[in-house]
Each structure stands twice: as structure tokens, then as C-alpha cells.
Amino acid sequence: MRSEIQDILDKYPSAGHDSLIPILQQVQEHLGFLSEESVVEVGKFLKMPTSKIFGVATFYNQFRFTQPGKYHVQVCRGTACHVLGSATVLDEIEKNLKVKAGMTTKDKLFSLEVVACIGACGLAPVISINGEFHAKVNSESIKTIFEAYRNREVVS
Amino acid sequence: MNFTIEVNNNKLSANKGETILDALQRNGMSVPTLCHMKGLFPTGSCRMCVVEVEGRRNLVTACSEPVTDGMKISTHSSRVIESRKTIVELLLSNHPDDCLYCERNGNCELQKLSEDLNIRERRISGQKNNYKLDVSSASIVRDPAKCILCGRCVRVCEEIEGVSAIEFVGRGSKTFIDTAFNHGLNLSSCVNCGQCIMVCPTGALKEKSHLAETKDNLNDPNKTVIIQYAPSISVTLAEEFGFKPGQNIIGIMNAALRRIGFDYVFDTSFSADLTIMEEASELVHRVKSGGTLPMVTSCCPAWVKFAEEFHQDMLDNLSTCKSPQQMMGAIVKSYFAQTEGIDPEKIYSVSVMPCTAKKFEQQREEMTQNGISDVDAVLTTRELARLIRLHGIDIHKLEPEIADSPLGTRSSAGKIFGASGGVMEAAIRTAHYLITGKEMVKFQVRGVRGLEGRKEAKVQIGELEVGVAVVSGLQNASLLMEEIKNGRNDIHFIEVMACPGGCINGGGQPIGADEEAIRARMTTLYDIDEKDAIKVSHKNPYIVELYDKFLGKPLGHKSHELLHTHYQKREIK
């Protein structure tokens, strides 16, 4: 059976270890995350132990190992957001979604990611949900925001 | 070319191309190291070995900096000492600090460094490491909380063993060492060799202990508890009690085991002789009947698992013989139980092994007869030392005793199993007899002894020229297997041991031995062989008796049932 990521690997006919990161990036773009199977397959392709690939991939914030939810939540923890209380914001969201950063909710609706800076310091503290920015969030507004996303699901 | 360097105002000679650390050590001087591993490429990551070099603004790492002519080095200036001290203080800042309960208490490099650097107060306190224990493996327990991230385990696993089961995971202060996808060792490619334990400076890696079960069974009046010890144990155990490396204390060990309460004391070297009977017969059979060659030894359970994972197309090359540990276990619960009239279910069979992979091997499902395990518990050399201390036995005051008959009597061929090349040599001695009907004139097989990672030789057996290769360290094994797969056909018999130098340097041996110590252990094994009267397995009278009374002949029906096994392909994750 042709695997899901074979098309990506085909683009690297004589790939060496230096192609690892571009390959992982494309795999993640295609699957939304790095599945175990895909990492094992990339390992066989590049003749690299899976542990090494896992080591490299966990070094970078950009790679994730769980399937993203329908709504991908990014919490900015850059300097400006930090000063204006993004730690509390993250805390609140973790409580609200009942998952930790890097995880996906059981209903696969939300996934939570911490990012360094999303370049919207004027809106701090800011979160982004599927690319949609929510500015100057606080404990109260978080509840409303997530309620709104949940309600969308009920309607559709 | 020779340089002159100046170290702490003393002139020393140094060679071009060597590092400061090499030059210092050659001249009998030392600086502390942590991440440094002799023979491997330096990483310079722990900064313990820093020294001050005149004209250099920053301290330099002695392990990775090449010497230059006229270099002026200060190894213990106050700046250097302060720097080292700070590093250790930082390492201690998030360490669990449970030394009194730690396996490595008294034998810990971190403890020694803080002692040597006279650290007497906690100057830096950080958040304590909080990681889960990894107890998933049958052989090895990992405690990442005690890890100081020197990376030696990662490197030995990758560069010496070619396994790469573990790796640095995460980044910065959140870095720790783990298996792929944090699955735990059990589901990783780990072959259980335990070399990571041997290089770990702290208690972050240790064997899975079988002491508690062993003690319970020793205290159970309904159980007959027997113990077997591997060929190398008698030449390494002494080091745990302060003897110099290479002392053979087999008689004292027998006495100690009886004091502890083992009902029968047997020698795995006996079943090593049995392995040779089967394995040499198998080799001769394969050569004569056009079977799969080269035949590869199967005594080393780490190598067996490695082959099942990484060399699946060569599983037919592996000898089908069980290892000596398992052969002894099988014979104890069949022949021995029968002759002594003991119910095999009431026998608790313990082995002392230089090895952590033997703990994995013991619980393989192939290693049972009618649902009864061949072997019930496996202790490492270190665990045996602990058991002896626990029973308050002063081994300096014991009178030597001999092991029990009949499974405690060996030829010296079985004894040299403990060193890399020993299985090969023992098998050749018996194969020579099986093929030509005559004994070898000189029993020593040239070219297979020594601590080198790969040894090759040609052996003349009658009309037949046999190509043999001996490798230790699984990376070396992999390289050889690739050559065979690529068509190399001048080798007929290969011995593989996972641990560099063989079982005398196994993952269950006393921690902290250097190359000299390992060489001393090897020398003692070959000295025993030199002095022994019976140097071939097929002349061991009790082996002959075992075949006469019970097994029939090598490779026969009963042997097949009890002494041979099969292998399974394993998915690598």
C-alpha cells in the first residue's frame, strides 16, 4: 500500500540526513502533525533511527505529535503578551479546554499550542484560533470566545 | 612531531594532533571529566575539563582542544576551580538529592566531583527534576530525574552498539533523555545490553533488580533454590569487595553462595561446554550438509535481539542453540530434577550473569518447557555482591569450596566463554575433534584473543580451511553483517558479543572498570585455561555422562527439545 507521505519522500530521491527537517515540515503540512508511522517511515527512508528524528523534532517548537483539533488555538507567550499576563491566559485556556499545551481535546475540537510571538504585540495578550486573532483577552473574554466556537458546532 | 607544553609551570612533551587531555593523561596528570568518553570523538559539552590557556580569553575544554607548541596551561587555577565548582553546583541544583537511597551511593561520579571540589553548601537551588521512572524494560530501569545529561548513554548506544534506542529529547532546560515517542525502553529498539548503565555517572540507569524475588524464594522452605554463575563472574566479583581486577575467587564465591542459602551451586561454564557440544555439531552439520553459512553464535541475548531487529535476513545464520544460561536452566528442570526426584515446579532457578540482557532472555516465551521457565531470576554481578553484603558475609574470611556435582564441573573451554573470542575458540577445539577425530596440537586459536572490536583468522581443520571472525560491540557486528550481505564469503563462523571485549565487560559487571581492569579479567580467564587439565568441552566427563544417560547425542531429539530455540522478527520503533 502506498503510504500517505510517499509523494513527499519521492521528491527527495537521494536525500541525506540534511533533508530531515524539510521532509518533516512537509509531512506535518500534509498530515497536520507528525504521526508515529510517518516518523518511522521517514527514518527508514533516511536510514536514521526513530529516536534521532524524535530528538530533532522535539527540539523545534514547530513540530507537533498529536493530531490538531478542528480549531487550532495558538497562545502567544512573547514578551509583550507575557508582561500583560499571557501566563494567566494560558492557564485559563488549559482549564477551559481541560488539556495542556501541545495536546488536543478528546472531542478533537480544539488543540492548544504555545507560540513565541505572533507579531501582534499591540493586541497583547493575544491568541489566534485558526488564524483568527482575538485581542486583549482575559479570563472573562476567554470563556465567551470558546463558548462561541462550541456554539458554532451545535448549530452546524 | 613533538611539542613542549607547560602545565602548571612544569614542562611536558606532547604530540602534535593530540588533545590537552590526552597529553595530561599520558603524563600522569588529570583534570575531571564528565561527558568525555575514551576512544570516541569529543563533544566538549559538560565543560568539566576546562583549563586556562595563556593568551586565551576564555577557558578551553581540555578534551577537545588540540595542543600547540609552547602552550602554557593551568589546570587548577582558582578561576578554573571556581568554574568547575559552579558547573557541579548547577548540576546539583535540580538533582533529587536522595543519595542515601541511591543505587550508586558511594560509586557516583557526581558525588565524587562534589566531594573533590569541596562543595559543602547548597548555593544554587533550582526546581527539582520531576520525571517518571521508566520501568517498562525487563532489564534496565531509567530514572531521568537523576540524569545530568552528559550524553554518554546516548553515545554508547549509538556509536558502540549501533542501536540508538535513546536520544536527547526537547530543548534547553526541558531537555531529557528518552526513547522515541516517550514509549519507554520496552517498546524501543533497546537490546538490553546495559552498556548505558556502565557509562552512566549517576544512578539514572540501573538494572531491574531480581533480588527481592530471589530472597523470597530462599526463605520458602518448599523451594529448592539452585544458582548458576557465568564464566566471567568469578574473575570480576572480587572487585566489588576491593580486590584488584583479575582475581579469581571461584571457591570463595561457592562458599558465599552456600552461606546465603542456595541449595545447589552450579557453574554455567558446564552448560557452556554443553553449548559447545551442540554448536560445534551444528557447525559441522552445516558445513557438511550445505546449510546456511556463515553460522553466527547465539549466546549473547543482546546480539540475538539486535539481529531480530536490524538483521532479519540473517536470522537463519544464527545458531539455534540456546545460550549457556538457558541450557543450564533447561537441564536443571529436566535431567537434574529427574535424577534428584524434585518436582520442577518446586525448583527456583537463579543465575548470576555479567549481563542485563540475560534478564530479558530469561523471560522470553521461547525459554520455557510446558509453561515452566528454564530460569526464574537473573542477578547481575553487582546484585550478587549486594546479596553477599546483605547477608553479612565477609568474603575475606571464607575458605574456598567446590561447586556441586554434576552441573558444577567444567572444562576450561567453557570458562573462556567470558572473553570475546572464547566461544569461537572453544567451538573450534571441539569442531576439530568432530571433523578429524583428533585433538588440536595447540589448543590456542591464533588471532581470536584480545580486546579488539574485530578479529579475523583462518583455521586449518584437517583438509578444511575455516574462516572465522569475532566481533564485539554491535556496531562492529553490523559492519561485518553488511559485508556478508554484500557477498563476502570467506567467513564460515562468526562470534558476536554485544559488549566490547565480551562478557568480562558486560552490562552487569562492577561499574568503573577501565581497560586495564578488563584486560586483567581476560588474562585470568586464559591463565585458567592454560593451567587446566581438560581444555575441550567434549572431554568434560559430566558432559559425556549427560549425553550417555539423558540427551542421547548432540542435535538429537532431546537436545532439540530442550537446548535449541528459534527467533522472531521484531518491528523497530
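In this text, helices are DSSP runs of H or I with at least four residues and strands are runs of E with at least two, both numbered from the N terminus. The model is predicted: local features need pLDDT of at least 70 and side-chain atom pairs count only at pLDDT 80 or more, while totals for chains, interfaces and linings use all residues. Residues are numbered from 1 along each chain as its sequence is written, and chains are lettered from A and ligands numbered from 1 in the order in which they are written.

Q: What makes residues 422-436 of chain B a helix, and how does its reach compare with the span expected at 1.5 Å a residue?
A: Helix H14 of chain B has 15 residues, and a helix requires at least four. From the first C-alpha to the last, H14(B) reaches 21 Å, close to the expected 21 Å, where the expected span is 1.5 Å times one less than the number of residues. B:Gly437 follows H14(B), with a positive phi near 80°.

Q: Which residues does B:Gln195 touch, not counting residues up to four places away in sequence?
A: They are B:Val156, B:Ile160, B:Glu161, B:Cys499 and B:Gly507; contact requires backbone-placed C-beta atoms within 7 Å. As for B:Leu205, ten residues along the chain from B:Gln195, the two C-alpha atoms are separated by 9.9 Å.

Q: How do you know that H14(B) is mostly covered?
A: Eleven of the 15 residues of H14(B) are buried. Among them are B:Gly422, B:Met424, B:Ile428 and B:His432. The buried residues of H14(B) pack against helix H8 (268-289), helix H13 (412-415) and strands S17 (454-461), S18 (464-472) and S19 (493-497) of chain B.

Q: What makes S19(B) covered on both faces?
A: In a regular strand the side chains alternate between the two faces of the sheet. In S19(B), one side holds B:Phe493, B:Glu495 and B:Met497 and the other holds B:Ile494 and B:Val496, and all are buried. The count is thus five of five residues.

Q: Why are S18(B) and S19(B) said to pair, and in which sense do they run?
A: Two strands pair if DSSP finds at least two bridges between them. Five bridges join S18(B) to S19(B), which run parallel, and B:Val470 has B:Glu495 as bridge partner.

Q: What makes S2 and S4 of chain B edge strands?
A: The open sheet of five strands in chain B has the order S2-S1-S5-S3-S4, with mixed pairing. Strand S2 (10-15) and strand S4 (60-61) each pair on one side only. Within this sheet, S1 (residues 2-7) and S5 (residues 72-74) of chain B are parallel over two bridges, and B:Val7 stands opposite B:Ile73.

Q: How is the packing of H3(A) and H4(A) described?
A: Two packed helices are described by the angle between their axes and the distance between the axes. Helices H3 (residues 36-46) and H4 (residues 50-59) of chain A pack at about 115°, with axes 9 Å apart; axes are lines fitted to C-alpha atoms over the stretch in contact, and angles between N-to-C directions run from 0 to 180 degrees. The contact is made by A:Val39, A:Val40, A:Val42 and A:Gly43 of H3(A) and A:Thr50, A:Ile53 and A:Phe54 of H4(A).

Q: How do the residues of this contact of H3(A) with H4(A) divide?
A: Five are nonpolar, two polar and none charged. Here Ala, Val, Leu, Ile, Met, Phe, Trp, Tyr, Cys and Pro count as nonpolar, Asp, Glu, Lys and Arg as charged, and the others, Gly among them, as polar.

Q: How many residues of chain B are in contact with chain A?
A: The number is 13 residues of chain B, in contact with ten residues of chain A. On the chain B side, the largest share, four residues, comes from strand S7 (residues 166-169). That side divides into six nonpolar, four polar and three charged residues.

Q: How many helices and strands are there in chain A?
A: Chain A has seven helices and four strands. Of its 156 residues, 27% count as buried.

Definitions and conventions. Two residues are in contact if their C-beta atoms, placed from the backbone, lie within 7 Å. A residue is buried if 20 or more other C-beta atoms lie within 10 Å of its own, exposed if 12 or fewer, and partly exposed in between; C-beta atoms are placed from the backbone.
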